[in-house]
Amino acid sequence: MAKVDWPEASKRTLIGKRISRTDGPLKVTGAAKYSYDISRPGLLYVKLVTSPHPKAEISGIDGTAAAAVPGVKAVWKDEELQEVQYVGQIVAAVAAETEEIATDAAHQVKVEYRVREHQVRDNDPALSKDKPSNLTVGNLDEGFAKADVTMNGNYGCPVITHCCLEPHGQVTEYRDGELYIWPSTQNVSRYSDGLRNDVDLPQNKIHVDCQHMGGGFGSKFDTDKWGKIGVTLAKMTGRPVKIMLDRDTELMIAGNRPSAYAKIKVGAKRDGTITAVDAEVWGTGGGGGYSAPPIPYVFGKIPNRRLVGKGIRTNRGGQRAWRAPNHPQGCFLTMSAFADTAALLKMDELEFFQRNIQFTDRPTVYTEELNKAAELIGYKRRAHLRGDASPGPIKRGLGVSIHTWGGQGHPSECDVTIHPDGSVEAACGTQDLGVGTRTCIAMVVAETLGIPLQAVKVKIGRNEYPQSGASGGSTTIGGISVSSRQGATAALNALLEVAAKRLGIQPDLLEARDGQIREVDNGSKRISWKDACALLGPSPITKRGVNVPGESAKANLASQGVGGAQIADVSVDIETGIVTMNELVAVQDCGLIINLKLAESQVYGALIMGITSALYEEAVYDTRTGKMLNADMEFYRLAGIKDVGKLTVHMMTGKGYDDRGVIGLGEPPVISPAAAIANAVANAVGVRVPQLPLTPERVLAALAQRGGSAA
Amino acid sequence: MKPFEYSAPKTLKEACGLLGDTWGKTEILAGGTDLVTSLKQRITQPSRVLSLKHLKELHGIRNSRGSLVIGAMTTLGELAAHSDVRRHFPALVTAATGVGSPQLLSVGTVGGDLCQRPRCWYFRNGYGLLAQKDGVSLAREGENRYHAIFAADGPALFVSASSLGPGLIALGAEMVAAGPGGATRSIPATEFFRAPQSENEREIALKPNEILTEINVPLKGLKNGIYEIRHRHGLDWPYVTAAVAFGGKEGSGGARVVLGHVAPMPWSVPAAAKLLNTARPDEATAARCGQVAVEGARPLSQNAYKIQMARTAVKRAVLAAV
Ligand SMILES: Cc1cc2nc3c(=O)[nH]c(=O)nc-3n(C[C@H](O)[C@H](O)[C@H](O)COP(=O)(O)OP(=O)(O)OC[C@H]3O[C@@H](n4cnc5c(N)ncnc54)[C@H](O)[C@@H]3O)c2cc1C
């Protein structure tokens with residue numbers, strides 16, 4: 001009988017190989033349909049009316065003029081909303097025959113506001129009104145008493161947004177008493193949960209379909225207000241309606257990553273050993289609560305440490321999980337403080353990290369990864385202590401960072417069907433965020449059944465398929481790999497029983513390989529896949545595979561806990577402050593890799609996102625007006641292809657990694673880039689640029705403060 | 001955008017007749033890369049949009065009596081690719097190609113670049129050209145990292161957005177404007193950009209009823225160059241630029257140094273230019289030029305860094321031009 005364990009390396013035909021995504025051609029030809037592309041007969045377009053004020057009471061919403069505009073089919077008003085809390089908050093919506101009519105009419109909805117005083121500043125701990133959190137371990141005084149040097153530093157990273165290239169939204173349609181929704185979502189199976197109070201239909205009459213997605217990064221788990229408005233307007237008009245957020249709204253309200261500013265004190269011995277870390281962090285997650293990012297990050301076993309967190313409530317759009325929530329902030333703050341401590345000791349940064357590696361959860365993995373990263377970037381040959389002493393305005397430097405993540409697979413179910421004609425289907429209510437989930441399911445099933453990749457038809461992205469978890473926390477690959485493996489193995493075993501009878505041997509002597517069912521290690525008795533399937537008669541075999549996280553961990557099918565090391569190489573023009581990326585090396589483990597190409601691709605994407613947050617991204621809020629001034633893609637800058645430099649990715653595989661089972665990868669590689677780049681800039685110019693993004697104005701200001709700017 | 005009447009006349013005279021005496025009633029449409037955004041964001045809500053696309057005489061580049069004449073509707077890409085421009089005016093090639101994106105190069109026009117509205121984020125968020133709210137200058141009190149460090153004592157704190165402006169001023173260009181009845185007048189490039197004193201004014205010297213038709217750039221054999229300080233490689237305006245022109249047939253006297261993105265208009269610094277008329281344009285002169293160019297800068301609360309940038313840009317522009 002086929003076993004569910006992952007095949008060992010020598011036996012793998014697909015798993016671990018570099019295989020292009022199966023939906024690649026659909027995407028490059030434009031055949032792949034995203035929510036934005038969905039068009040239904042009679043479709044209406046919806047425009048949202050949003051608050052221009054950061055805080056105001058609403059005394060009335062008048063939609064009469066808007067409703068009278070020819071082509072307008074319905075105006076929805078939020079009758080319950082009494083006060084808006086941030087600019088961009090949704091107040092009303094207009095559905096019309098064209099997008100243009102809807103836009104024009106939305107401007108004619110009259111909302112009466114009584115403006116109240118607002119607060120959007122987030123970078124002063126005195127603004128915190130909440131009780132601070134405090135996590136103290138060990139004894140700080142003793143820790144600092146043991147230190148030979150004490151480093152004091154201030155660092156910060158602003159609120160940034162998800163800026164998904166495909167904004168949030170959906171198409172919603174009522175047809176024959178049932179509801180059809182095409183949302184851009186990270187949560188196909190449970191999307192309709194959010195409509196519990198809005199729709200009087202059971203889930204089997206709410207059809208959710210999301211075949212392709214243009215990014216979510218943690219901001220697309222919920223049905224959201226626009227999801228509910230879609231349902232309401234579809235009901236009001238009896239027509240399908242499309243709501244996709246405009247870019248400014250997207251940037252203001254559809255996902256903010258909390259800011260984090262910190263005052264950090266690090267005590268260390270002459271040999272580099274850290275004795276104590278004392279950190280005070282503050283920042284905003286919008287109007288809600290705040291949880292301080294972890295400091296010291298990764299080096300969690302430092303014996304004496306304190307982390308005080310102070311949340312600042314602001315009249316800004318609410319926070320949403322942003323790829324590895326709180327980790328990039330904790331990483332940047334910690335690694336900056338540690339690199340500055342190394343600099344104070346006149347010690348090589350990499351050596352300093354290695355000196356303290358016992359304070360991490362995986363000293364061996366980090367050592368291996370740091371060594372690999374150092375080798376790839378030529379660290380030994382090129383590293384210098386802080387400050388590039390070579391002449392001329394261009395200074396070059398290297399910076400180091402490490403990170404960690406969990407990545408345990410989520411609960412997932414997958415039905416694998418073997419049809420009598422030999423065709424195979426795998427159905428799973430998961431979603432492909434653009435990372436290649438579809439391809440990975442096909443690979444696991446094809447590998448398990450010994451058939452070509454193309455022979456497997458994968459059905460995902462609909463809530464009528466077996467339930468699978470939301471794609472968040474790097475949980476998808478672990479979940480779907482195990483459920484599809486389980487389902488395929490069970491279906492195969494049923495087929496082996498039938499084939500065994502025909503071949504006249506015990507089923508446990510059979511295996512599926514190279515399009516055949518054959519005797520293990522021998523192959524003298526065999527039958528082709530097609531002929532074996534034909535033995536089924538008219539009925540197919542369908543088996544459900546289930547990933548139960550605890551169990552699959554015990555069975556080594558999927559586990560959690562990864563490391564990751566990155567080293568950045570930058571050049572800084574000290575006469576202009578411009579930082580140029582030369583190279584970013586990422587060394588990453590994630591257990592058994594299903595598809596090496598997609599894994600690498602996932603890391604490339606993360607590096608680009610990380611570089612962008614390091615050099616460009618910042619939600620700029622105006623204190624007086626409370627507006628986000630750069631809710632556009634001109635001043636909310638993203639890196640272009642020429643800005644990212646050379647990206648080098650190395651995935652750790654083989655012994656010690658493959659045997660851990662499948663672990664998620666979406667998040668970890670995005671954690672370190674900003675930290676590594678900031679350290680590289682400090683290493684290049686000889687002075688810390690304490691705030692992200694590392695814009696030329698900040699670089700020049702840091703240089704000017706030291707009096708180091710040339711010319 | 002608000003509904004408007006669209007006209008695309010065939011003759012310049014007809015076009016001029018469709019303009020009025022106040023700004024904003026009619027907006028001129030060239031490539032639309034700036035105007036269409038403003039229409040969508042309702043920064044301007046004209047009742048008429050006047051397209052220049054059928055005005056053949058506004059297209060193309062020609063040689064005429066010691067000048068290169070650039071039609072206002074010439075695209076940035078055409079400008080950068082033109083052999084005479086490449087031979088005589090490397091500064092303009094740098095400025096045009098610096099705009100970067102293939103889309104903008106093939107659609108955006110020279111006239112549109114010169115007449116494009118400021119990028120000030122208060123202006124773009126609907127607070128008006130002078131960014132006033134309740135009598136307070138939002139930019140002066142608020143987020144002014146990208147604003148002016150020169151001529152910032154008036155109500156206008158935005159910076160002129162055009163990359164071509166400083167180069168054309170350095171080269172001693174003249175703009176030609178057609179007004180009522182198609183009558184033309186010429187405006188020296190040095191006077192083309194201006195700081196508005198009220199919301200009813202604009203940042204260029206054209207009158208509401210005028211169309212920029214062409215730009216004459218004299219062929220004086222000046223050495224010229226531009227240095228742009230850009231954060232990203234594409235889809236972005238520079239932080240600071242410097243354009244320089246010096247030398248030439250007539251010998252000394254014609255040098256110009258012009259900074260971009262540091263004032264509501266391209267900012268000429270005659271004192272720096274003077275150095276180029278007298279000294280050899282070597283490293284030391286270039287550095288001195290940079291130093292002199294930033295004297296008198298008065299930064300706002302967040303943009304002192306632009307002084308360092310301007311100093312560097314001038315130095316590097318001089319060295320690029322040599
Ligand atoms: C992402 C991005 C990056 C950019 N980067 C840069 C940059 O680095 N440097 C730079 O200089 N520019 C930059 N631009 C601006 C770009 O160069 C201008 O948008 C373009 O040149 C405008 O030309 P257009 O023909 O599209 O003008 P339009 O959008 O048609 O018009 C622009 C303005 O000029 C007026 N106008 C146009 N032609 C005339 C005329 N003949 N007479 C009178 N008024 C006229 C219009 O009424 C309008 O107000 C950038 C633009 C974008 C979108």
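Predicted model: local features only at pLDDT ≥ 70, side-chain atom pairs only at ≥ 80, totals over all residues.
**Helices and what covers them**

- α17(A) spans residues 696-706, and its buried residues are A:Pro696, A:Glu697, A:Arg698, A:Val699, A:Leu700, A:Ala702 and A:Leu703.
- Over in chain B, helix α5 (residues 90-98) has B:Ala91, B:Leu92, B:Val93, B:Ala95, B:Ala96 and B:Gly98 buried.
- The elements covering those buried residues of α5(B) include β5 (67-71), α3 (76-81), α4 (83-88), α6 (102-107), α10 (164-170) and β11 (223-229), which belong to chain B.
- Just past the end of α5(B) sits B:Gly100, whose phi is positive at about 90 degrees.
- Helix α15 of chain A runs over residues 596-615, 20 residues in total, and its first and last C-alpha atoms are 28 Å apart, close to the 28 Å expected at 1.5 Å a residue.
- Most of α15(A) is covered, with 15 of its 20 residues buried.
- Where α15(A) starts, A:Asn595 puts a side-chain oxygen within 3.0 Å of the backbone nitrogen of A:Lys597.

**The ligand site**

- There are 32 residues around the ligand, and the ones that come nearest are B:Ile28, B:Gly31, B:Thr33, B:Thr109 and B:Asp113.
- Backbone polar atoms feature here: a ligand oxygen is 2.5 Å from one in B:Ile28, a ligand oxygen is 2.7 Å from one in B:Gly31, and a ligand oxygen is 2.7 Å from one in B:Leu35.
- On its own the ligand has 960 Å² of accessible area, and the protein covers 93% of that.
- Looking at secondary structure, β2 (26-29), α7 (110-115) and β10 (211-218) of chain B are the elements that give two or more residues to the shell.
- The biggest contribution comes from α7(B), with 4 residues.
- Sorted by class, the shell has 17 nonpolar, 10 polar and 5 charged residues.

**B:Thr26, in strand β2**

- B:Thr26 is part of strand β2 of chain B.
- B:Thr26 counts as buried because its relative accessible area is 14%, and the cut-off is under 20%.
- Its side chain reaches the backbone oxygen of B:Leu18 at 3.5 Å.
- Sequence neighbours within four places aside, B:Thr26 is in contact with B:Leu18, B:Leu19, B:Pro46, B:Arg48 and B:Leu50.

- A:Glu413 belongs to strand β19 (residues 412-418), and at 25% relative accessibility A:Glu413 is partly exposed.
- The side chains of A:Glu413 and A:Arg544 make a polar contact at 2.9 Å.
- A:Glu413 and A:Gln467 are 54 residues apart along the chain, yet their C-alpha atoms are separated by 5.5 Å.
- Leaving out neighbours within four places in sequence, the contacts of A:Glu413 include A:Ala427, A:Cys428, A:Gly429, A:Pro466, A:Ser468, A:Ser483 and A:Val546.
- A:Asp421 is in the loop between β19 and β20 (424-427) of chain A, and with 47% relative accessibility A:Asp421 is partly exposed too.
- The side chain of A:Asp421 makes a polar contact with the side chain of A:Ser423 at 2.7 Å.
- A:Asp421 and A:Cys157 are 264 residues apart along the chain, and 58 Å separates their C-alpha atoms.

**Backbone geometry to check**

- Most residues other than glycine have a negative phi, and most peptide bonds are trans.
- The bond joining A:Ile295 and A:Pro296 is cis, with omega about -5 degrees; A:Pro296 is in the loop between β16 (274-283) and β17 (304-311) of chain A.
- Another cis peptide bond runs from A:Leu692 to A:Pro693, with omega near -10 degrees; A:Pro693 is in the loop between α16 and α17 of chain A.
- A:Ser474 has a positive phi, near 60 degrees; A:Ser474 is in the loop between β21 (456-459) and α12 (476-503) of chain A, and is buried at 9% relative accessibility.
- B:Arg42 also has a positive phi near 60 degrees; B:Arg42 is in the loop between α2 (35-40) and β3 (48-51) of chain B, and at 16% relative accessibility B:Arg42 is buried.

Methods. Residues numbered from 1 in each chain as written. Chains lettered and ligands numbered in written order. Heavy atoms only, no water. Near = heavy atom within 4 Å. Polar contact = N/O pair within 3.5 Å; in protein donor to acceptor, adjacent residues only side chain to side chain. Areas by Shrake-Rupley, 256 points an atom, 1.4 Å probe, with all protein chains shown as cover. Nonpolar A, V, L, I, M, F, W, Y, C, P; charged D, E, K, R; others polar. Expected span 1.5 Å × (residues − 1). Buried < 20%, exposed > 50% of the residue type's maximum accessible area, 1.4 Å probe, protein only. Contact = heavy atoms within 4.5 Å.
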